[in-house]
Amino acid sequence: MPHGVLFRGGEEKEARKHFIERGWLEAVIGLPAGLFYGTGIPACVLVMNKKDAATRKHILFINADREYREGKAQNFLRPEDIAKIVHVYRSLAQGGADVPAYARRVPVEEIAAEDYNCNIRRYVDNAPPPEPHDVRAHLHGGVPVTEIDALARYWRNYPGLRERCFVPRPNKNVGWVSPQGVTQQTPADAPTPPHQVREKMSGYAALTRPTGSMYADFAPEIADRRAIAEIVKTDPGVAAAHSAFLQTLETWWQANLPLVVALAPANSQKGNVYELRRALLAGIEQSFAANTLLTGHQIRGAFARYMDDLKADLKSIAASGWGPELIPDADILASQFPELLAEMEQKRLRLAELAALFAAADEEDYEDSDDSGVLPGDEVKALKSKLKEARASAKLAKKEGDKDELTTYLAEADAIEKRLARHKALEDEAKQLKAELRATEKKQEELVAAAREKISTDEARGVILDRLHRLLLQTYEGYLRADQRACIAALENLHGKYAVTAKQIEAKRDEAAAKLRGFLVELGYE
């Protein structure tokens, strides 16, 4: 439904009142914009449920309009987005806790007090909080410790990372803070204001006390913003946390592998993919219950994506068993013909290298500093023209009996021929590589078909299980990389705000202005 049905008056208001008073409206779920063809407006789902309507005193509001995958012409709900909506809905329906900025159980009395206006943001506002800015840090430098502490989740998950990124700031000023938290700074060598004076100064309270270390500096290793990503990627704490997570995942996989193996039909009874999904989801939630690296929604969301990507394979296994037809061609090639793949990869790399050389040669101001032998297209045409002229001149010199000119023209023609031959050899190599790759790709189909016929059921089960295991690791590794990128983005945000002070900006401005004035004086304009 369009969102207008949630807040418009008239008959729509009376309809909302009717459904709410009778307990029929169980939940309101807000969806992202652009999910449907033909309209870009956001939509919502109204869940009507007459079961237990007489005792229903709350309505579930879920605001999921910020979690989706953006497409070119249409947005999409990812499997993890759908899984989160379903999980939160079921949790709240059973009396679970609210999810801040996402979902809430709203009493019917509160909705009635709002004149039955069911606008989702009125009850669940998921707008991001305003970006904090410390004026003193902008003016004098330093990173507020309060903003560093706000990233506590990363410091807890990645021990030692905070110490690699920040160092204590030298205490150049003595601060005074009021009980209300208002801070004033005075130079370290200035006398402390008397009590009567402090009371009259802006921001001071009747009773004040010195502040502790309220600011920190970026570590010397962070000379610029680009250094942050390298520090996080190479941090031992990050590597250890990811390794421990993946080890837990590996332990879970080995413990639940018998459930996956049992998915194949047995005694004429087909496997049940949905029972397998429920069992595996319950097991993975329990295994990562103490995990703080990813949230519970991320754990479930990653598993939902994994199962969604493999649902066709799993249904085939449940229906017909571990058949070799379920093995992708790439996996068969990797397991049966690794030498062929390695050879093809080398040829592709060489072809890409040659393509890059030819593309660079056609750019302006090209110089063959590496003496690769590749020539620009215009130069090839010019050299062919010069070669034609040199040969003609040599023929004429021979006819006239001028040996010196004949030798000169022949030498010039020989030098041009060598340059063109090197270029032609590279062009021929590229054409040969393309032809060999095409021939090998055609041959692959025959090799895969022949190899597939020779694979037994036991071998197929091993290859398929290895693939399922590999895709599981890749899925969760993607979420770990996303968490690492979020950590980097948070640190880069602090660097962007506080690495350069207003005084430094003013100093550079004054320096540039002085240089400009010098130029103007030299030119006689001042």
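User: Over how many bridges do β6 and β10 pair, and in which sense?

Analyst: This is a predicted model, in which local features need pLDDT of at least 70, side-chain atom pairs count only at pLDDT 80 or more, and totals for chains, interfaces and linings use all residues. Residues are numbered from 1 along each chain as its sequence is written, and side-chain values use heavy atoms, with hydrogens and water left out. Strands (E, at least two residues) and helices (H or I, at least four) are DSSP runs numbered from the N terminus, and two strands pair if DSSP finds at least two bridges between them. Strand β6 covers residues 166–168, and its pairing with β10 is antiparallel, over three bridges.

User: Which residue of β10 stands opposite Phe166, and which opposite Pro144?

Analyst: Strand β5 (residues 143–144) also pairs with β10 (residues 215–218) in the antiparallel sense, over two bridges. Opposite Phe166 is Phe218; opposite Pro144 is Tyr215.

User: Which strands stand at the edges of the four-stranded open sheet?

Analyst: The strand order in this mixed sheet is β2-β1-β3-β4. Each edge strand has a single partner, so one side of it is left without a neighbour in the sheet. The edge strands are β2 (44–48) and β4 (103–107).

User: What is the bridge partner of Ile29 in β2?

Analyst: β1 (residues 25–30) and β2 are antiparallel, with five bridges between them. The partner of Ile29 is Val45.

User: At what angle does α2 run to β3?

Analyst: Axes are lines fitted to C-alpha atoms, for helices over the stretch in contact (heavy atoms within 4.5 Å). Angles run from 0 to 180 degrees between N-to-C directions. Helix α2 (residues 79–93) lies across β1, β2, β3 (58–63) and β4, and its angle to β3 is about 160 degrees.

User: How does the reach of α20 compare with the expected span?

Analyst: The expected span is 1.5 Å times one less than the number of residues. Helix α20 (residues 502–523) has 22 residues, and the expected value is 32 Å. From first C-alpha to last, α20 reaches 31 Å, close to that value.

User: Which elements give two or more residues to the lining of the largest cavity?

Analyst: On a 1 Å grid over the protein atoms alone, a cavity is a set of points where a 1.4 Å probe fits but cannot get out; a pocket is an open set with protein on both sides within 12 Å along at least five of seven lines, and lining residues have an atom within 4 Å of a point. Points are joined across faces, edges and corners, and a volume is the space filled by probe spheres set on them. The search finds one cavity of 30 Å³ or more, with a volume of about 60 Å³. The elements are α11 (236–261), α12 (273–287) and α13 (296–309).

User: How does the lining of the largest cavity divide by class?

Analyst: Ala, Val, Leu, Ile, Met, Phe, Trp, Tyr, Cys and Pro count as nonpolar, Asp, Glu, Lys and Arg as charged, and the others, Gly among them, as polar. Trp253, Tyr306 and Leu468 are among the lining residues. The division is nine nonpolar, no polar and no charged.

User: What is the volume of the largest pocket?

Analyst: Its lining has 11 nonpolar, one polar and eight charged residues. The volume of the largest pocket is about 630 Å³.

User: Which element gives the most to the lining of the second largest pocket?

Analyst: The second largest pocket has a volume of about 520 Å³. α2, α7 (152–157), α13 and α19 (457–498) each supply at least two lining residues. With five residues, the element that gives the most is α19.
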